[in-house]
Amino acid sequence: MQRRDFLNTLAASAGLMIPLGRGAWAATSATAGDKATGRKLIVIMLRGAVDGLNVVAPVADANYARLRPTIALARPGEDGGALNLDGYFGLHPALAPLLPLWEQKKLAFVHASGSPDATRSHFDAQDYMESATPGVKSTQDGWMNRLVAALPGATTPTRALSIGPTMPRILSGRAVAVNLANGAAGTKANVLDRPAVSKAFDQLYAGNERFGAAYQQGQDAHREVMDAAAGKMVGGGMGGGGMSTEMQAANGGAPLPNGFPDDAARLAALMRNDPNIQLAFVALGGWDTHASQGAARGQLANRLQPLGQGLAVLAQRLGPLFDDTTIVVMSEFGRTARENGNGGTDHGHGNVMWVLGGGVAGGKVLGDWRGVGDADLNEGRDLPVTTDFRNVLAAVAERHLRLSDKQLVQVFPSLPRMSGKLDLLRS
């Protein structure tokens with residue numbers, strides 16, 4: 001095995017992203033104290049463009065039912081009805097596990113939000129939301145990776161964590177990040193956990209100036225995650241299902257949400273047991289509902305049910321840590337306001353972002369909502385984007401993670417100005 005191949009294999013087995021090229025680097029090791037990493041951020045990406053108009057549905061608007069004769073949610077109290085939020089908007093009934101968080105004012109939504117870029121390409125739109133540079137394809141790193149560099153305190157290998165098949169775009173960059181596989185396999189021992197093998201590789205790379213530090217970082221990160229998964233305090237699979245080829249491509253490798261409740265429980269345990277973990281990312285697929293979407297029941301409901309259950313599990317299992325955690329759920333774009341001839345919806349523009357957490361000023365649907373009348377729609381077909389997704393993320397970074405204006409620009413270059421104030425989090 002060539003040295004480069006070995007180190008790439010090591011990076012995969014340890015879950016550590018280690019770029020190896022002319023500009024190779026190895027992160028420096030330091031200990032992040034509880035205070036520096038005490039405020040947590042979890043981002044859930046719904047790949048495939050979830051239908052925000054049926055997640056938080058304008059059930060009191062007659063145009064909504066007119067545009068969606070077979071897939072619109074009924075009004076609260078009716079058969080298949082939405083769960084009442086504020087008299088105008090209703091929550092999809094499959095998300096009932098989240099209603100207590102809404103009532104506790106720990107859940108808010110920002111409607112008609114998203115990327116200002118007009119693309120309806122899954123690949124491009126996901127890339128823009130993960131780089132936070134809409135319309136710019138040349139950005140080398142993801143905004144969560146830049147966030148790691150901007151946060152105060154020393155950085156450890158496990159400060160940023162992803163759960164999924166591969167390291168996502170959003171965490172790519174110079175800062176170190178850990179990637180774990182979905183399901184229980186993500187925290188199981190690997191070949192480098194065998195004492196004899198581990199000792200041999202320790203000796204092999206102990207004196208290597210170029211790759212020794214990278215190897216040790218990978219081993220340290222892996223052991224830290226394994227300890228946290230085993231319930232030790234540190235330092236101080238997904239279900240299948242029939243999918244079209246297009247939906248599989250839209251998922252970008254992300255699994256369906258069927259196994260998300262189990263992954264959410266594991267993530268909560270890791271974050272409770274390892275105070276160094278501050279940022280986490282999970283991607284879930286299956287949201288490209290061009291056909292047979294359904295209303296209160298059906299394909300979309302079958303995706304939303306485990307998602308809602310998993311988010312509720314995450315909030316519950318985090319325990320007191322939930323008070324210092326903000327969870328953001330986002331998708332690359334929304335879907336058409338009018339259902340298509342196949343009982344589904346097509347690629348749209350504006351969507352709804354979800355924000356959960358102990359510091360969220362919840363119980364509200366925020367944003368510049370203009371309705372779903374024909375004259376209110378973007379290009380006559382979908383929601384306009386009236387709140388840039390970067391403003392939502394920046395509000396979380398500023399109010400929750402305490403980033404300065406200078407740091408915000410570092411994480412979100414070309415951050416647009418908002419005409420009003422987004423009261424998303426409490427002080």
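Phe260, Pro261, Ala264, Ala265, Leu267, Ala268, Met271 and Arg272 of helix H10 are in contact with Pro306, Leu307, Gln309, Gly310, Leu311, Val313, Leu314, Arg317 and Leu318 of helix H11. Contact here means heavy atoms within 4.5 Å. The residues of this contact comprise 13 nonpolar, two polar and two charged. Ala, Val, Leu, Ile, Met, Phe, Trp, Tyr, Cys and Pro count as nonpolar, Asp, Glu, Lys and Arg as charged, and the others, Gly among them, as polar. The model is predicted: local features need pLDDT of at least 70 and side-chain atom pairs pLDDT 80 or more, while totals for chains, interfaces and linings use all residues. Residues are numbered from 1 along each chain as its sequence is written, and side-chain values use heavy atoms, without hydrogens and water.

H10 spans residues 260-273 and H11 residues 299-318. Helices (H or I, at least four residues) and strands (E, at least two) are DSSP runs, numbered from the N terminus. The two axes come within 8 Å and cross at roughly 20°. Axes are lines fitted to C-alpha atoms, for helices over the stretch in contact, with angles from 0 to 180 degrees between N-to-C directions. H10 and H11 are therefore roughly parallel, a label for angles under 35 degrees. Their crossing is right-handed, meaning that the near helix is turned clockwise from the far one by less than a right angle.

Helix H6 (residues 143-150) is largely enclosed by the rest of the structure, because seven of its eight residues are buried. Buried means under 20% relative accessible area, exposed over 50%, and partly exposed in between (1.4 Å probe, protein chains only). The buried residues of H6 are Trp143, Met144, Asn145, Arg146, Leu147, Val148 and Ala150.

Six aromatic pairs occur in the structure. Rings of Phe, Tyr and Trp (its six-membered ring) pair if their centres lie within 6.5 Å; planes over 60 degrees apart count as edge-to-face. Tyr88 and Phe89 form an edge-to-face pair, 4.8 Å centre to centre with 80° between the planes. Tyr88 is partly exposed at 25% relative accessibility, whereas Phe89 is buried at 5%. Ring pairs link Tyr88, Phe89 and Trp369 into a cluster. Phe109 and Trp354 are both buried. Their ring centres lie 6.0 Å apart and their planes at 70°, so this pair is edge-to-face.

Ala112, in strand S5 (residues 107-114), has a positive phi of about 55° although it is not a glycine. Ala112 is buried, with 2% relative accessible area. Arg402 also is not a glycine and has a positive phi, about 65°. Arg402 sits in the loop between helix H12 (389-399) and helix H13 (405-411). Arg402 is partly exposed at 45%.

How values were computed. Angles under 35 degrees count as roughly parallel, over 145 as roughly antiparallel, 65 to 115 as roughly perpendicular and the rest as oblique. Rings of Phe, Tyr and Trp (its six-membered ring) pair if their centres lie within 6.5 Å; planes under 30 degrees apart count as stacked, over 60 as edge-to-face and the rest as tilted.
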